[in-house]
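The following explanation leads through one protein model, passing from aromatic side chains to strands and then to the chain as a whole. Please keep the coordinates open while reading.

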Amino acid sequence: MTDNASINVGSLLNGDDPIDDASEDLLQRTELADAFAVEICRTSARHGAVVALTGKWGSGKTSLANLTCRALDRVHDVQVVEFNPWFFSGTDQLMRFFFDELAGQLRDGRRLKDKLKGAGRTVAERLGKYSAALSPLKFVPGAGVVLEGASAVAAGTSKLLGEGPETIHEQRAQLTELLGKLPGRIVVFIDDIDRLSRQEIRDLFRLVRLTGSFPNIVYVLCFDREVVETALTDEAVKGSAYLEKIVKMSVEVPPLPSQALSPVIAEGLTQALDGIQSGPLHASRWPDVLVQLMLPMFSTIRDVKRYLASVPLAVRSLGTEVNLVDVLALEVLRVRFPAAHAMLPAAADLLAPAKTRYQASTDRTERERAFMEEFTGLLNGHAQPVIRLLFPAAERLFGGQNYSSDWNQTWEQDRRVACSTVLDFYLHRRLPAGRAPAEYVDQVANCIGDESALDEVLGQMPDALLDDTLKRLVPHCRDAPEDSVLPTAAALMRQLPRVRLGSTGMYSPGGEWAVLSPVSVLLRNFSGDMADHTVRSLFSGIPSLYGKVLLLDIAAGRPGKQGLIPDESARLLRQELASQLRTAGPEDLADERMLLRTVLVAAADGPPVLEPAFDARVVARLLESGVAPVHSQTMGSVAVRTEKQLRWDSLVSVYGGEAHLAEAVALLQQCLQEGTVELNEDLAAALALYEKYATGWRPRSSDHAPCSAGGSRHVFPITDCPPTVLR
C-alpha cells in the first residue's frame, strides 16, 4: 500500500512493462498504416478512386489515418490533401469550400512535392475557376447529383453563369485532362464523417460521387460504417448499396485488445496523477480492479483518453479521503456509464450499509430487486464486478456472500467506498460534523509507539475531532508491536479529560470508549503475565482516579468472563485505588470526573475512608457524577427521549444514610450562597433532582411501567456497593 499517487501505476500490472507493450501496439498500427499506404498507391486511379477507412467512433481511425498520411508523405509522387468537413455549414457552401481548399493546398509550394509542383499549381488554378463556376449551383433535392454533365443542363448552366467563355462542362473536361496528365496522384483524406449531421453526411457523399471520377485523385474516407449507412438510407436506396457503388476498397480498423489498452491506461494514469495527493493505492487490489472491472468497460482509445482527462479533477476533489483504487474505478463508471453512476446516491444504503445482517440472496425487498435489475441493465454485464470489487456488502443481492458489520472497520481503515462513511464523502465531497480528515488519523497512527510524539499530535487535535480520530485508530492498534503498546496506551489514557463521558443516544456507547477502545485493542496484543505487567504499569502512570477506574473496566474480569488480568490482580489494583482515594485532598477530588463511581469501585472490596466527603467541593462532584441520562424510545419511532435520573441509592450508600446526605447537601447549598463554590449547569441539574428525590419521588422503572403505550425504556442500571465509612 502507498499514499503516493505519483507511483508508476504500470508497475503494478503483474510485472508487465507498459512502455514495451505500448510500443508493440504502436508498431503494429504503423505496419497496418504502411500496408494501407501501399494499397492506396497501387490502386488504379485512372478514373479516380474512393477507399474507406472504417471503424467504430473512437476506435483509432484518426490515429491510423495520420500514420497513413505520414507513410504517403514519404512517397515522391503522392500529394496528400486533408479536407475538414466541419468547416462548411450547409449544402450551398460544401462544393465551393471543397474545391477552394483543394486548390489552396495545391498552391502551397512549401508542401508540394518537387515532382508535382508545376502541374500541381496549374491544377490549382483550374480548380479555382471550376469552384467559382460552381458557386451559384445547388444540389437538386432528392437527385443526389449536381446540375452538370448533361448537355441540356450544361446549356442551362451556361445561361445561369452569364456570358462566360467556357461552360462548366468544358471546364470539367479541361480539369479532367490536366489531372490525367498529372505525374502522380492526389490523395484526399476526409475524417470525422460519422460526426456530421445526417444531411451533411448525405451532402458530402454526393460531392464524392460527383468528383470521384476525376483521374489521379484518391479519396480516403474515414467513418463509422453503421452511422453512415443509416444516414444514407432512404425509401429509394439502402445506405449499404449506396456505399458499394462509391467505395472501391475498404479497410476496417482492428479493435484494440484489452492487453493493448492496459499499458495506455497505466502510463496515462501515471502522468495524470503526477504530483496529486490522493488516498492509498493498494497494490494487492489494483490488478483485479483494473483487469476485471475497468478494462472491460473500455472499447476504444478515445474512451481511454476521455477517462484520463477526467481523472485528475476527481482525485483532487477527493484528496486523501478515498482509496485511489476505488476512485479510479468509479471514475470509469461515471465516464462510461453515467446513468448507472447516477444511481449510487439513492442506493448508498444498499451498496454500503452502516450495519449489516445475514440475509439470503433470495430474500430481497422490492426496492432491492428494482435496484438490482436497473443497475444490471444499465451496466451491460459489468454490474457483478462493480459490486464484488467495490461494494462487497451488496454481493448478497447478486447471489454472493454476506459480510458482517465487523468488516466496516477494515473498509474504513482502507478508505474504501464499501464503508458507508467513505461512500458518503465520495458522493457528497464533504465531511459530516465531527468527522476527522483521514490525514489526522494517519498522523496519529504514524506516531504509534512514540509517546511524546503522540502527546504532541493529539494535543494539537481539535477537541471536536478527537473522538472520531481515536475511534478510527482502533484497526491500526491491532498489530502494534509489543514494545509500542505501553507508551501508546499511556498517551491515549491522558486524553480522557478531553472526551465526553456517558452515552448520548439510545444505543451509543459512552464517550470514554473513544479512548478505551484503542487501549483495549492494544492490551489484547498481550496475554498472561505480560498483560498483567503492562496493565499494572499503565495503571500506575494514569494521573486521574477515574482513569484508573476505566482501565479496570477493560482489564478486569466479569462474572462468567475472564479478564485481561487475573481476579487477584484486579483486587490489588482496586485496593491501590482505595488507598489513593483515601489520601486524596479535596482540591484533588474536586478535579475528578465520575467521582461517585470511583468511590463505589474503590469500596467493592471493603469500605475505604473518604476523608473530605463533607467538603462542599467534593459534595458537588459527587452529586454531579450521580446524574445519569436514561434514554427511551417508542416502538416504531426514531425519536429518542432522554431524561436525567439521580443515582440516589448510590449517594445514600456513600454517605451511610439519607440524613448524612442531606447534611452534605445543606453544606453545599450554604457554600453556594456564600459564593465559595461556583454553581454550574450540571450542579444545578443535580440539586434540582436531589430536591425531588428527597421528597420521596422516584422515576417509574421499566420493570413496572412503560414510558408510553407500546414504548420501551433503555435504562443503564446502577449497582450499589457496600456503604463507605465517612469521617
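This is a predicted model: local features need pLDDT of at least 70, side-chain atom pairs count only at pLDDT 80 or more; totals for chains, interfaces and linings use all residues.

**Aromatic cluster and central strands**

Ring pairs join Phe83, Phe98, Phe99 and Tyr219 into a cluster. Under the pairing criterion, which requires ring centres within 6.5 Å, the chain holds 13 aromatic pairs. One of the ring pairs is formed by phenylalanine 83 and phenylalanine 98: the centres lie 5.2 Å apart and the planes stand at 85 degrees, so the pair is edge-to-face. The angle required for that label is over 60 degrees. The pair links distant parts of the chain, since phenylalanine 83 belongs to strand β2 and phenylalanine 98 to helix α3 (residues 91-107), 15 residues apart. Both phenylalanine 83 and phenylalanine 98 are buried.

Strand β2 (residues 78-83) leads on to β3, with which it pairs in the parallel sense over 6 bridges. Within this pairing, glutamate 82 has phenylalanine 189 of β3 as its bridge partner. On its other pairing considered here, β3 runs parallel to strand β4 (residues 217-223), and 5 bridges connect the two. Here isoleucine 190 has leucine 221 of β4 as its bridge partner. Between β3 and β4 the chain passes through helix α7 (residues 198-211), and this β-α-β crossover is right-handed.

How many residues of strand β3 (residues 185-190) are buried? The count is 6 of 6, and the strand is accordingly described as mostly covered. The side chains of Arg185, Val187 and Phe189 point one way from β3, whereas those of Ile186, Val188 and Ile190 point the other way; all of these residues are buried.

Two further contacts involve a charge and a ring. The charged end of arginine 336 is placed over the ring of phenylalanine 337, at 5.9 Å from the ring centre. Arginine 429 likewise has its charged end over a ring, that of tyrosine 426, with 5.0 Å to the centre.

The wider chain gives the setting for these details. It contains 34 helices and 10 strands, and 51% of its 727 residues are buried. Among contacts in the chain with a separation of 6 or more, 75% are between residues 24 or more positions apart. The accessible surface of the chain amounts to about 33,600 Å², and carbon and sulfur atoms account for 51% of that area.

Conventions. Residues are numbered from 1 along each chain as its sequence is written. Side-chain values use heavy atoms; hydrogens and water are left out. Buried means under 20% relative accessible area, exposed over 50%, partly exposed in between (1.4 Å probe, protein chains only). Helices (H or I, at least four residues) and strands (E, at least two) are DSSP runs, numbered from the N terminus. Two strands pair if DSSP finds at least two bridges between them. A crossover is right-handed if, with the strands pointing away from the viewer, the path from the first strand over the helix to the second runs clockwise. Contact means heavy atoms within 4.5 Å. Accessible areas come from the Shrake-Rupley method with a 1.4 Å probe; for residues, only the protein chains shown count as cover. Rings of Phe, Tyr and Trp (its six-membered ring) pair if their centres lie within 6.5 Å; planes under 30 degrees apart count as stacked, over 60 as edge-to-face and the rest as tilted. A charge sits over a ring if NZ of Lys or CZ of Arg is within 6 Å of the ring centre and within 35 degrees of the ring normal.
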